[in-house]
Amino acid sequence: MNLLQTEQIIYWTQLKNTVAYRFSMLISLLTGPLHLFASYVIFKAIYEASGTTVIAGFTFEQMVPYLVIVMGTQYLIWDNTHENLADEIRHGNLTSFLLKPISYWWYQFVRKIGHRTLAFFIEFLPVMFICGLIFGFDIFKTNNLLWYAAAVAIAFVIRYFVQLCLGILGFWFVRVWGILWIYRMLSYFIQGNTIPLSFYPPVVQKVFFFLPFQFIAYVPARVFLGQYELAGITFAPWEIVLYGAVQVLVLFAIVLALWNISIKRYCGAGT
Amino acid sequence: MIQNLLLHWQFVKLKYASRMAYRFDFFTCMFAFFLFQLSGPLFVGVIFYAGGLFPGWSFPQLLLLQGTLALIRGFSFMSFFGLLWNTQDHMRRGTFDLLLIRPVNSLWFLVMNSFDEEDSGQFIGGVAITLVAVSLLPELQGSLLAFFAILLLGVLFFLSLALLCSAATIIFIETQRLYEFIDIIMIFASYPKTIYSGSIAILFNTLIPLFVAGNYPASALLGFSLDGVLIAAVSVIGLLTVSMFIWHKTLRYYTSAGG
């Protein structure tokens, strides 16, 4: 059996497994638009009360597609590798993965592709359609759809690596739930999910510029809108996508080093 | 009643004691929940920094609203909101039957068992935000008594939500994503009544009386108008009665799957 066949099996198994829980995904058709509606009402009130059309480089008309795209992107790239890995380390289940003739990382990555393929059809497309009806949002109303797709691909990989880094903490601590919660809370702010990163003070923006987290939410949305700007730095869509590719390589090196150091601490005693 | 309360206290002590086995995780969890409460104020702070405004509310006033919500949320999550995941856990494991045959009121026992020691971080966060907000305000022109009375209504509103979600879990079992609706309610409750248009404001004052969890208690302390608070109070009592009724009703439809 060649490597591609193995991946195909993992992919289809995961896809079938996810189909079994399709109704859980369908809840996004309600929660997604409701979340956006809440943000819409809040930002509408903010813009009206502020008496200005532009806040931190965003007009209200740009803010709506920004929020929609951030939400849509999260459907495409979501994963909970960190929780899975930490659990597998804690319960000793990682042993069975390590014995398989495939890398744990690659296995989980292919599973993620299978999982998110269904999310594209069940969550992303319907929610985009509903947002079109409610907020007049049109996903094709951009000249950068291909660059957006590239930015989503980078977000997909970066999110996976970040989650993997967090999961690796499971080698060092018996329970890492608290740390994962801290990250979860901070991630909404450092990724640009709740507010565009350009709203922050210049010093904070400079820090964000060098971190990979912006590629998970802020960058795909800015690429979709046509122009990237953070900490006074402006990039065309292809430039920021290229910078994202460099960040992927850096993160890969970090995760690899962390994994190699941490795996030595693993002591599986499963049956 | 006294026996139930004593039993409740024993449960609380036991929960803290067992959690101390993993101290590091316990304290990081508490810290995480403390940080979680700062997300609302952080959002508002960044908006104000960037030049945005909220209609009729200054930053310290909005901080007080969010602190109050955090206080109610923190207390509720610590004391009884674990009902949601506790019910689900019992359903999945098939241990709900064991709970029903105990010589204690089932709902009381479930609530007791739902005490979440990690969420004390949320409660501390709520107290801290409220105190910071009060220190930033020049003077409070409202009534402390009204503030605490509405605070209690806020807790009852959360109790109603917890009971409804727990009832839904008894019937549907897999209700993990139901929590997302609670998150959405929290988002709406984090902002003043003034940002909502007429029909939405009426909805949030009657069917889903979420203004009692943030807008009204903060307004009571600030001396702002409390128009509609009585309707909201009646709605909360009504919602609690309905949710209690539904919870006990769903118990009759419970078909054991334990093994």
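This is a predicted model: local features need pLDDT of at least 70, side-chain atom pairs count only at pLDDT 80 or more; totals for chains, interfaces and linings use all residues.

Student: Which residues have the most contacts inside the largest nonpolar core?
Tutor: That core holds 176 residues. Its largest share, 15 residues, comes from helix α8 (residues 145-168) of chain A. The residues with the most contacts inside the core, though, are B:F43, B:F54, B:F157, B:F158 and B:Y196.

Student: Are the rings of A:Y40 and A:F60 stacked, edge-to-face or tilted?
Tutor: The structure holds 63 aromatic pairs over all chains, so let's work through this one. Stacked would need planes under 30 degrees apart, and edge-to-face over 60. With centres 5.4 Å apart and planes at 55°, the A:Y40 and A:F60 pair is tilted.

Student: How many residues apart are they, and which helices do they sit in?
Tutor: A:Y40 is in helix α3 (residues 28-50) of chain A, and A:F60 is in helix α4 (residues 60-77) of chain A. The pair links distant parts of the chain, 20 residues apart.

Student: Is A:Y40 buried or partly exposed?
Tutor: Buried means under 20% relative accessible area. A:F60, at 14%, is buried. A:Y40 has 26% relative accessibility, so A:Y40 counts as partly exposed.

Student: What does the B:Y196 and B:F211 pair tie together?
Tutor: Their ring centres are 6.0 Å apart with planes at 40°, so this pair is tilted. B:Y196 is buried at 7% relative accessibility, and B:F211 is buried at 1%. B:Y196 lies in the loop between α10 and α11 of chain B and B:F211 in the loop between α11 and α12, so the pair ties together parts 15 residues apart in sequence.

Student: Why is α12(B) called largely enclosed, and what do its buried residues pack against?
Tutor: 8 of the 8 residues of α12(B) are buried, so the helix is largely enclosed by the rest of the structure. Among them are B:N215, B:Y216 and B:P217. They pack against α4 (59-79), α9 (144-172) and α13 (229-253) of chain B.

Student: Which residue takes a positive phi just after α12(B)?
Tutor: Look just past the end of that helix, where phi is about 80°. The residue is B:G223.

Student: Which residues make the nonpolar surface patch of about 300 Å²?
Tutor: One of them is A:L258, which lies in helix α12 (residues 237-262) of chain A. A:L258 is partly exposed, with a relative accessible area of 32%. The patch is made by A:V246, A:V250, A:I254 and A:L258.

Methods
Residues are numbered from 1 along each chain as its sequence is written. Chains are lettered from A and ligands numbered from 1 in the order in which they are written. Side-chain values use heavy atoms; hydrogens and water are left out. Patches are made of residues with over 30% relative accessible area and no salt bridge: like charges are joined within 9 Å, nonpolar side chains (Val, Leu, Ile, Met, Phe, Trp, Tyr) within 5 Å. Accessible areas come from the Shrake-Rupley method with a 1.4 Å probe; for residues, only the protein chains shown count as cover. A salt bridge is a side-chain nitrogen of Lys or Arg within 4 Å of a carboxyl oxygen of Asp or Glu. Helices (H or I, at least four residues) and strands (E, at least two) are DSSP runs, numbered from the N terminus. Buried means under 20% relative accessible area, exposed over 50%, partly exposed in between (1.4 Å probe, protein chains only). A nonpolar core is a set of buried Ala, Val, Leu, Ile, Met, Phe, Trp, Tyr and Cys residues joined through side-chain atoms within 4.5 Å. Rings of Phe, Tyr and Trp (its six-membered ring) pair if their centres lie within 6.5 Å; planes under 30 degrees apart count as stacked, over 60 as edge-to-face and the rest as tilted. Contact means heavy atoms within 4.5 Å.
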